[in-house]
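The following note sets out some points for a colleague who is about to examine the model. Please read the points alongside the sequence and the coordinates.

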Amino acid sequence: MSEIRIRQPQLLPESGPPAEPPSVGAHEVSAIRAFLLSRGNSALADRGFHWLMVLCALSIFGIVVLIACELMVRSRLAWGQFGLDFFYKAFIDTYTNKPMYWDPVNGHFSALPFLYGTLVSSFLALLLAVPLAIGVAVFLTEMCPGFLRAPLAFITELLAAIPSVIYGLWAVFVLVPLLREHINPWLISGLGWTGFFGDDNPTGLGFVAAGVILAIMILPIISSLTREVMTAVPNSQREAVLALGATRWEMIRMGVLRNARIGIVGAIILGLGRALGETMAVAMVIGNSPQIQRSLLANGSTMSAVIANEFAEASSDLHLSALMELGLALFIVTIIVNAIARMLVWAVTRGAPSSAH
Amino acid sequence: MLATVLVVAPLVAIFIYLVYKGASSLNLAFFTHNPVPVGETGGGMANAIAGSAILLGLGSLIGVPIGIAGGIFLAEFGRSTKLANAVRFTADVLNGVPSIVMGIAIYSLVVVPQGHFSAFSGGVVLGIMMIPTVCRTTEEMLLMVPNAVREAALALGVPNWRSVLAITVKTASPGIITGCMLAFARVAGETAPLIFTAFGNVDWSSNLNQPIAALPLQIYVYAISPFDEWHRLAWAGSLVLIILIVLAVSLVRFVTSRGVLKGAS
């Protein structure tokens, strides 16, 4: 492995991402153009046009800032009432001595079960989707016969375009019955002893259903980004590993996956970002009850699902404000997750040669 | 490879099931009638289809000009300045914000001051969600236009703003339209933000100030209802929606694979 990596710098310059002809898409304004621009005689109109475009570009900033401010202002009530406790404390019901999380009637709100539900369903989805997505990407870039490549890429693209409500519809009428009749009994009898698969929920709804549908939904994103990153790995890398007598699998593992790993991690995080914010399909299959249970077959709820279900008919200002605070938390988390993912993917696909070693 | 088969199989299954279920319940009434109360058979989603069209039209009206202008800024003026990079990054971030969060933000920005749910607020949400996609594809397409074309225009004494609009943007227009279609297809199926902006409506409505029905919203309401007749309509609605989206995506693919800018360079 080490010899290969030492050779890397020499191999890279010949073939990177396809080099663009200098005039097309060059990022610097050429001298000729600058000269021509400087002697334009319609300064006023040009200036106006320029600023109009800047204004529109800035409005994108404005929108993000406006959303953030609005969410903050509207969630102040809940923030003032609960503070940080909102995110990690439960209320103990004085009658039953059991923890209460979300009780609009008495005005007790805690985000805990929703944080739990969002995390569990998203990680379940990643667990299922990541190996498959990488498998698909490897297949498409490294070993797919040419005639299959275009249709498969097209199908992946199409899948990303299917609205989540249709995934949800399919999940409700096909996936959930399938889980209920066949998969859940099997999980319970096989893995019930771990405590993660309790048999007290006969509906088939729950975290497992949500995880599976989320996995199907984030697969196309992860696999298409992984594919992009893997095609950015120069062919000389593959040839070098093969020339050393590696088998095809070793070539993929050492020559391709190893070089593309940062980008693949980025793709996975981007998929995570999508899973965290996904609403409709999850709201339709997760069961929507604000509780924390060890069993993955139990009903649960996620941050986005509870907003979708309760926002339009929130019973009090505090309720509304608590939902807004959930939204704000979701906003911040997805922004952070997306920012990290973008940086990782950019690091690989743009400055591919410099960051590969 | 096994993984691919494993992945493609359920996906193909979704499609086949959808087409089978949808086609068996699709009929003319679906396109011409409004929803009927529970218990009656028949009825359709005419109002929802019209409502979706209105919402998407409104969304495009808001999202497309701002998006294209942002793209022009990035490609023609900003290039690799700090401001342009920041805008690029923000657009990507905005693209990743969950639609439901966008929905509650617009709820408090538009619906609360207005005092009631309205088609207008739904259009605003969809428009904002279109901006990042339109912006980034416009930029990409404009960057593909050779500099020589711009220089030629400027050398003829054309003012810069006309050169940008009439030469550069025009050259890249097939690509830009493609980007708009892509954004359009993406928001066409959005449900979450419409729940508390457009809200839905069982009757015909074309008033922008009133709640309005939308196809994805109607599918959601019918899907979680306990009535078989409504489930049937939900499948039919999904089929219509998916056909629209597949058409848009195929068109995009067709245009991009033919090399939009071949004539230009």
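1. The model is predicted. Its largest nonpolar core contains 191 residues. Those with the most contacts inside this core are A:Ala171, A:Ala209, A:Ile213, A:Ile218, A:Ile222, A:Val285 and A:Leu326. Domain 1 (29–74) and domain 2 (111–355) of chain A each contribute at least three residues to this core.

2. Setting aside residues up to four places away in sequence, A:Val285 touches A:Gly168, A:Ala171, A:Val172, A:Val176, A:Leu205, A:Ala209, A:Ala210 and A:Ile213.

3. The division of chain A deserves attention. Chain A is split into domain 1 (29–74) and domain 2 (111–355), and the C-alpha centres of these two domains of chain A are 37 Å apart. Five residues from domain 1 of chain A and five residues from domain 2 of chain A make the contact between them. On the side of domain 1 of chain A that touches domain 2 of chain A, four residues are nonpolar, none is polar and one is charged.

4. Helix packing within chain A comes next. The axes of helix 6 (residues 112–143) and helix 11 (residues 248–277) of chain A come within 10 Å and cross at roughly 145°; the crossing of helix 6 of chain A and helix 11 of chain A is right-handed. Helix 6 of chain A contributes residues including A:Thr118, A:Ser122, A:Ala125 and A:Glu142 to this contact, and helix 11 of chain A contributes residues including A:Ile252, A:Val256, A:Gly271 and A:Leu276. By class, the contact of helix 6 with helix 11 of chain A comprises 13 nonpolar, three polar and one charged residues.

5. Between the chains, 74 residues of chain A are in contact with 72 residues of chain B. On the side of chain A that touches chain B, helix 3 (residues 43–74) of chain A gives the most, with 19 residues. That side of chain A divides into 50 nonpolar, 18 polar and six charged residues.

6. Chain B has twelve helices and zero strands. A box of roughly 70 × 55 × 35 Å, taken along the principal axes, is filled by the C-alpha atoms of chain B. Of the 265 residues in chain B, 53% are buried. Among contacts in chain B between residues at least 6 apart in sequence, 73% join residues at least 24 apart.

7. Two residues in one loop of chain B may be checked together. B:Leu208 is found in the loop between helix 10 (192–195) and helix 11 (215–223) of chain B, and B:Phe199 lies in the loop between helix 10 and helix 11 of chain B. B:Leu208 is partly exposed because 15 other C-beta atoms lie within 10 Å, whereas B:Phe199 is buried because 21 do. Phi of B:Phe199 is near 75°, a positive value in a residue other than glycine.

8. Which residues does B:Leu208 contact, leaving aside its neighbours within four places in sequence? They are B:Ser118, B:Ala119 and B:Phe120. The C-alpha atoms of B:Leu208 and B:Ala119 are separated by 4.8 Å, although these residues are 89 residues apart along the chain.

9. A:Asn288 has phi near 50°, a positive value in a residue other than glycine. A:Asn288 is placed in the loop between helix 12 (280–285) and helix 13 (303–310) of chain A. A:Asn288 counts as partly exposed because it has 19 C-beta neighbours inside 10 Å.

Conventions
Residues are numbered from 1 along each chain as its sequence is written. Chains are lettered from A and ligands numbered from 1 in the order in which they are written. This is a predicted model: local features need pLDDT of at least 70, side-chain atom pairs count only at pLDDT 80 or more; totals for chains, interfaces and linings use all residues. Axes are lines fitted to C-alpha atoms, for helices over the stretch in contact, and angles run from 0 to 180 degrees between N-to-C directions. Helices (H or I, at least four residues) and strands (E, at least two) are DSSP runs, numbered from the N terminus. A crossing is left-handed if the near helix is turned anticlockwise from the far one by less than a right angle, and right-handed if clockwise. Two residues are in contact if their C-beta atoms, placed from the backbone, lie within 7 Å. Ala, Val, Leu, Ile, Met, Phe, Trp, Tyr, Cys and Pro count as nonpolar, Asp, Glu, Lys and Arg as charged, and the others, Gly among them, as polar. Domain bounds come from an automatic or database domain assignment. A residue is buried if 20 or more other C-beta atoms lie within 10 Å of its own, exposed if 12 or fewer, and partly exposed in between; C-beta atoms are placed from the backbone. A nonpolar core is a set of buried Ala, Val, Leu, Ile, Met, Phe, Trp, Tyr and Cys residues joined through C-beta atoms within 7 Å.
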